[in-house]
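Visitor: I would like to learn how to read salt bridges in a protein model. Could you take me through them slowly?

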Amino acid sequence: MKILLISYGNIDYDGRLRGLISIFSKMGTVFPFTRGKAPMNNWGAVCNLSYIRFIRESLRYTKTLGNFDCLVLDNRKATIPGMLILRKFKPQIVIQDCRELYLMNEINYWQGKVGCFFEKCMLKKADIIICANKDRAKIMAQEYKLQELPLVYENLRELKYESDEELNEAKKKLDPLLSSEYINIISSSGCSLERTNDILVENILKVKRKCKLFLVGDSTAKDEQVIRDIIAKNAIHNVEILGKLNQTELKYLISRCHIGIVNYGQYDTNNRLCASGKLYEFIYEGIPVVTTSNPPLKRLCDSEKIGCADDSYAEGINTVLEHYSEYKKNVFEFARNHTIQSNDDCLVNQIEERIKRCSYVEV
């Protein structure tokens, strides 16, 4: 089967995009058109194009392929080029991956509403729909009156070391910040106030063990200043704001930490029913988590005992530390029983079953 995959995501940083390409490569020959570097001969990757140019270049790339069997659209920004491609080239199967759950009545800016409109239009044309967790699948089926539930592809992902050289550089950069005297805690959501990192920083002094908090990830200047003001006002000396790290640096830092913070806002459906890849980055490095009380996160913590859900953070951190060896054991057991390979294989099987029901394409 010949498969065209369109994504405005950047292949160099987008774990879910890399996962989708891996999955569809098991089903046929994939011709991806994405942003980022082009690591393969059949890759139509482009760097930092405007969205309008991206649409134009994706159509040009599609024309070079000739006939193809399956069109895969990753996220909302793939829907506009997808509709143009569908009209002109008429692939037999259309698959849409809705990694986010943006609802029209919850969006306050016009670009977002336009995105919701085109996504809804494409959902009506798609033969197979994929989303990121069971909670979202149920909401989507109701919201868009789908005939069957979307398939679920959870954001299981594991960080990789890019090279020995990068690892050595990461150690030089991060080792001076690490000490065996501390319990190391990491949040990879930066200084985000929407994700309540202000509450996290304010309550870090309530942790009963000597600890150090690392805030990793992009932040707005405004959010970072609020966090720095909290640190200064409360004379907090155990918080490090590191900004964005590359994959090797992030993996190394997590491997040297004891607890990962997984936090999302509750202000809309997309965030409330979060589908966290960050959670699995921590789990596959073997560290327990403390999460916010978003239903998917709390359910996993309660059922699998891989961490605690606590919107104020400190009590959850203290609980995990009090029973650390037990939580650590549960994390390893969960990772062993929920592999990326099995997650991918499950989706491949489900897609192939649905394709058999709706097309003449051989898989």
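Guide: Asp14, Asp74 and Arg99 are linked in a network of salt bridges, a salt bridge being a side-chain nitrogen of Lys or Arg within 4 Å of a carboxyl oxygen of Asp or Glu. This is a predicted model, in which local features need pLDDT of at least 70 and side-chain atom pairs count only at pLDDT 80 or more, while totals for chains, interfaces and linings use all residues. Residues are numbered from 1 along each chain as its sequence is written, and side-chain values use heavy atoms, with hydrogens and water left out.

Visitor: How many salt bridges does the structure hold?

Guide: Side chains of opposite charge can pair when their charged atoms come close. In this model there are 20 salt bridges, and one of them joins Lys210 to Glu181, at 3.2 Å from N to O. Lys210 lies in the loop between helix 7 (197-203) and strand 8 (211-216), and Glu181 in the loop between helix 6 (164-174) and strand 7 (183-187), so the pair ties together parts 29 residues apart in sequence; helices (H or I, at least four residues) and strands (E, at least two) are DSSP runs, numbered from the N terminus.

Visitor: Which residue does Glu333 pair with in a salt bridge?

Guide: Glu333 pairs with Arg336, their closest N and O atoms being 2.7 Å apart, and both lie in helix 14 (residues 324-337), 3 residues apart, about one turn of the helix. Arg336 is exposed, at 56% relative accessible area, whereas Glu333 is partly exposed, at 37% (buried means under 20%, exposed over 50%, partly exposed in between, with a 1.4 Å probe and protein chains only).
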